[in-house]
Amino acid sequence: MLKPFLLSTAIAISAQALTGEVRITGPDGKLVVGMEIENGAPQYTVSYDGKKVIGKSPLGFKSDVADFSSAMTITDTVRNVIKKQYTQDKIKCSDITYKANTLAVTMQNPDGNKVTVEWQVSDNDVAMRYAIPRQGETGAMIVTEEATGYRMPENTTVFMTSQSDPMIGWKRTKPSYEEFYFIDAPLGTKSEYGHGFTFPALFHTPEGAWVLLTETDVDGYFCGSHLSDFHDGLYTIAYPMPGENNGNGSASPGISLPHNTPWRTMTIADNLAPIVETTIPWDLVEPRYEASRKAQPGRGTWSWIVWQDGSINFEDQKTYIDFAADMGYENVLVDNWWDTNIGRDGIKHLAEYAAGKGVNLIIWYSSSGHWNDIVQGPTGKMDRPIVRKKEMKWLHDIGVKAIKVDFFGGDKQETMRLYEDILSDAADYGIDVVFHGCTLPRGWERMYPNYVGSEAVLASENLIFGQNHCDLEATSATLHPFIRNAAGIMEYGGTFLNRRLNRGNDGGSIRRTGDAFQLATAILFQNPVQNFALTPNNLTDAPVEAIEFMKAVPTTWDETRYVDGYPGKFAVIARRHGDTWYVAGVNAQKESITIELPDFVSDRAKVYLDKSVEKMTTRPVGKNRKVTIPSQGGFVAVSPV
C-alpha cells in the first residue's frame with residue numbers, strides 16, 4: 001500500500017507546482033486562451049482584445065478506460081511556436097503561411113491515466129485536440145462522451161442549422177446537412193429536431209466579436225461531431241446518433257492508442273474578414289496519400305438540375321456535352337439512372353464522344369444501399385471494396401476522371417471510413433471525387449488530394465423542388481460565405497439563367513433573383529469543380545454578357561478577401577484568380593444598398609449589375625466607385641490587378 005501513496009504524493013506535488021491558470025496567446029497578443037483545473041474539472045476561457053468571448057467552459061471526455069473530465073490535475077506544460085507554408089489549388093487561396101503559438105497541457109487522474117490537451121493559437125484562430133497515450137497495457141479505447149463545451153456571453157446571437165433526425169426525409173437519407181438556418185437567433189434557441197446543430201456554427205457576441213466553430217482532421221479513425229442543444233449555459237460536443245445510417249456502426253468512436261482526436265477550431269475576430277478568410281481547417285492537417293494524378297478543377301454543365309430525371313438519356317447527354325464544349329467547359333455531370341437509361345456501353349460511347357469535344361464526364365453513384373431506401377442507380381457499387389475497385393478500373397479504362405457519390409446519411413466512424421475508402425480507391429485510378437447528400441468536409445481538401453467537393457448545404461436542387469426555396473434564395477446566399485463555405489469547399493450546383501426552372505423555361509418554380517445575382521454566386525460559392533445550372537437555351541435566351549461572363553469564370557482562387565456584408569442581409573466578397581480580381585455581391589434586404597468598391601478594383605474594371613431583378617446591365621467602373629444593389633439583386637466587378 002506504500003507505493004500508491006508515494007505515487008499520489010508525487011502527483012500532488014507536481015500538480016501543486018502547476019496550480020493556477022496556464023495561458024497561451026496568439027502572435028499579435030489579442031487572442032488569449034486560459035486553461036485551469038477547478039475542483040478537478042479541466043476548463044478554459046477565451047478572450048479577444050481584452051473582451052471575453054468564451055466563458056469558463058469544460059474540457060475532457062469519458063471513455064471505457066477512464067474519465068478524463070473530472071478529478072484531473074495538471075502535471076506538465078510544453079510551449080512551442082509553429083510556422084508552416086503550403087500551397088493549395090482547391091480552397092480560398094493558393095499560398096498559405098500559418099503562424100501559431102502552441103501549448104501542450106498534460107493532465108492525470110488519481111489512477112495515473114493521462115491525456116494531453118494540445119492548443120494552437122494564431123492571430124484569429126484557436127485549435128484544440130486531445131492527445132491520448134497508451135494507458136499502461138491498454139492500447140484500445142472507446143470514447144463515449146465529450147465534455148468539451150462552449151459558453152458564450154449572454155445576449156449572443158447565433159447563426160446555425162439543425163442536426164436532423166436520422167433516417168427521415170426523402171428515401172430516409174438524412175441527416176445530410178440540408179436544413180434551414182436560424183439567423184441572428186437568440187442564444188439558446190432550440191434546434192428543430194432536438195439533436196443540436198451541425199458544424200460550422202457562427203456566433204455574434206454583444207460586444208461585437210464573431211466566432212466560427214467547426215472541426216477538422218476527421219478521418220476514418222474517428223466520427224464527425226456536432227454541437228448539442230444549449231444546456232446549462234453552454235453548447236457541448238455531441239457524437240452521432242445511434243440511428244444514423246440505419247443503425248449500422250457505433251455512435252461512439254473506437255480508437256487505438258496512442259491517438260490524436262480531431263481538432264476543434266474557433267475563428268474569432270471583431271469583424272467578419274477573418275471568418276471569411278480563415279484557412280484553419282487546412283492549416284492543421286497534412287495529405288494522407290499521393291494520388292496517381294493531380295486533381296483537375298473545372299467547370300461543367302448538368303442536365304439533371306433543370307431537365308431532371310427525364311434528361312438522363314443518350315441524346316440529351318450529347319446535347320449537354322455539345323453545350324459544355326460551346327461554353328469552353330471541362331466537364332459534364334451525368335446524374336442518376338444512367339445505368340438503366342443509358343447503360344454501360346452507352347456511357348462508354350458518351351465518354352468517347354465527350355473526349356472528342358475536349359470534355360470529361362463526371363459520373364453519379366449512390367453511396368448505396370443498406371442505410372436508405374434509394375432506388376436511383378447505380379447502387380451497390382461504392383459501399384464495398386471488391387466491387388468498388390472493379391468499378392474504378394472500369395471508369396479509368398473508359399476515360400472517366402471524376403465521380404459524384406450521393407446519399408450518405410450520417411457522421412459515424414463507419415461512415416467516415418467509407419468516405420476515406422472511396423477517396424483512396426479512386427485516387428489509385430486517377431479519379432476525383434465529389435460528395436453529395438453528405439457531411440461537412442473536415443480538412444479533406446488538403447488531406448485527400450483527389451477530393452474536389454461536397455454539397456452539405458441546402459443546395460440548388462431545392463430551388464427546383466419548391467417555390468419557397470426560390471423565395472429564400474437571396475437570404476441563403478448571404479449566409480454561406482460566412483458559415484458553410486468559410487469552413488470548407490461547397491458544391492452548390494447553382495447559377496441559373498432560366499427565369500422559370502423547368503426544361504422549357506416556361507413553368508415550374510420562379511426565380512426571384514436577378515441575372516447578375518446568379519453570376520455573383522459563381523464567385524461567392526467556392527468549389528474547385530463547379531457544375532453550373534445553365535441550360536442550352538441560355539445561349540440564346542440569356543443576356544449575351546452573362547454568357548460571356550460564365551464562359552470565362554474561373555473556379556480556383558489565389559486570394560480571398562471580405563469586402564462587406566452581414567449574414568442574412570448582404571454579402572460582398574472578392575476573389576483573385578491570377579491577375580484578375582472578381583468582386584461579387586448579393587443583397588437579400590427589402591431595400592437597395594450601395595457598396596463602395598475596394599481600392600484594388602481598377603477604374604478599368606467591368607461591372608455586371610442588376611438594375612432590377614428583371615434587367616441586368618454592364619458598365620465600366622470609371623470614377624464612380626459605388627455600386628447600388630437592388631433587393632434580390634447582385635453584381636460582379638471584374639478587374640485586372
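**Packing of the nonpolar core and aromatic pairs**

At 3% relative accessibility, Phe549 counts as buried, a term that denotes under 20% relative accessible area, with exposed meaning over 50% and partly exposed the range in between (1.4 Å probe, protein chains only). The model is predicted, so that local features need pLDDT of at least 70 and side-chain atom pairs count only at pLDDT 80 or more, while totals for chains, interfaces and linings use all residues. Residues are numbered from 1 along each chain as its sequence is written, and side-chain values use heavy atoms, with hydrogens and water left out.

Phe549 is listed with Trp119, Phe203, Leu361, Phe435, Met550 and Phe635 as the residues with the most contacts inside the largest nonpolar core, which has 186 residues; such a core is a set of buried Ala, Val, Leu, Ile, Met, Phe, Trp, Tyr and Cys residues joined through side-chain atoms within 4.5 Å. Another core, of six residues, lies apart from the largest one and includes Tyr98, Ala100, Trp263 and Leu284. When neighbours within four places in sequence are left aside, Phe549 is in contact (heavy atoms within 4.5 Å) with Leu519, Ile523, Tyr582, Tyr608, Val636 and Val638. Helices (H or I, at least four residues) and strands (E, at least two) are DSSP runs, numbered from the N terminus.

The structure holds 35 aromatic pairs, defined for rings of Phe, Tyr and Trp (its six-membered ring) whose centres lie within 6.5 Å, with planes under 30 degrees apart counted as stacked, over 60 as edge-to-face and the rest as tilted. The ring centres of Tyr329 and Phe532 are 5.9 Å apart and their planes stand at 50°, so this pair is tilted. Because Tyr329 lies in the loop between α5 (314-327) and β22 (331-334), and Phe532 in the loop between β27 (529-531) and α16 (538-541), the pair ties together parts that are 203 residues apart in sequence. Tyr329 is buried, with a relative accessible area of 2%, and Phe532 is likewise buried, at 1%. For Phe549 and Tyr582, the centres are 6.3 Å apart and the planes at 75°, so the pair is edge-to-face. Phe549 belongs to helix α17 (residues 544-552) and Tyr582 to strand β30 (residues 580-587), so that parts 33 residues apart in sequence are tied together; Tyr582 is buried, with a relative accessible area of 9%. Ring pairs also link Tyr289, Phe408, Tyr419, Phe435, Trp444, Tyr448 and Tyr451 into a cluster.

Charged side chains also sit over rings, a placement that requires NZ of Lys or CZ of Arg within 6 Å of the ring centre and within 35 degrees of the ring normal. Arg503 lies over the face of Trp307, at 3.7 Å from the ring centre, and the charged end of Lys569 sits over the ring of Tyr566, 4.7 Å from its centre.

Strand β1 runs antiparallel to β2 (residues 31-38), to which four bridges join it, pairing of strands being assigned if DSSP finds at least two bridges between them. Thr25 has Val32 of β2 as its bridge partner, and the two strands form a hairpin with five residues between them, where Gly29 in the turn has a positive phi of about 85°.
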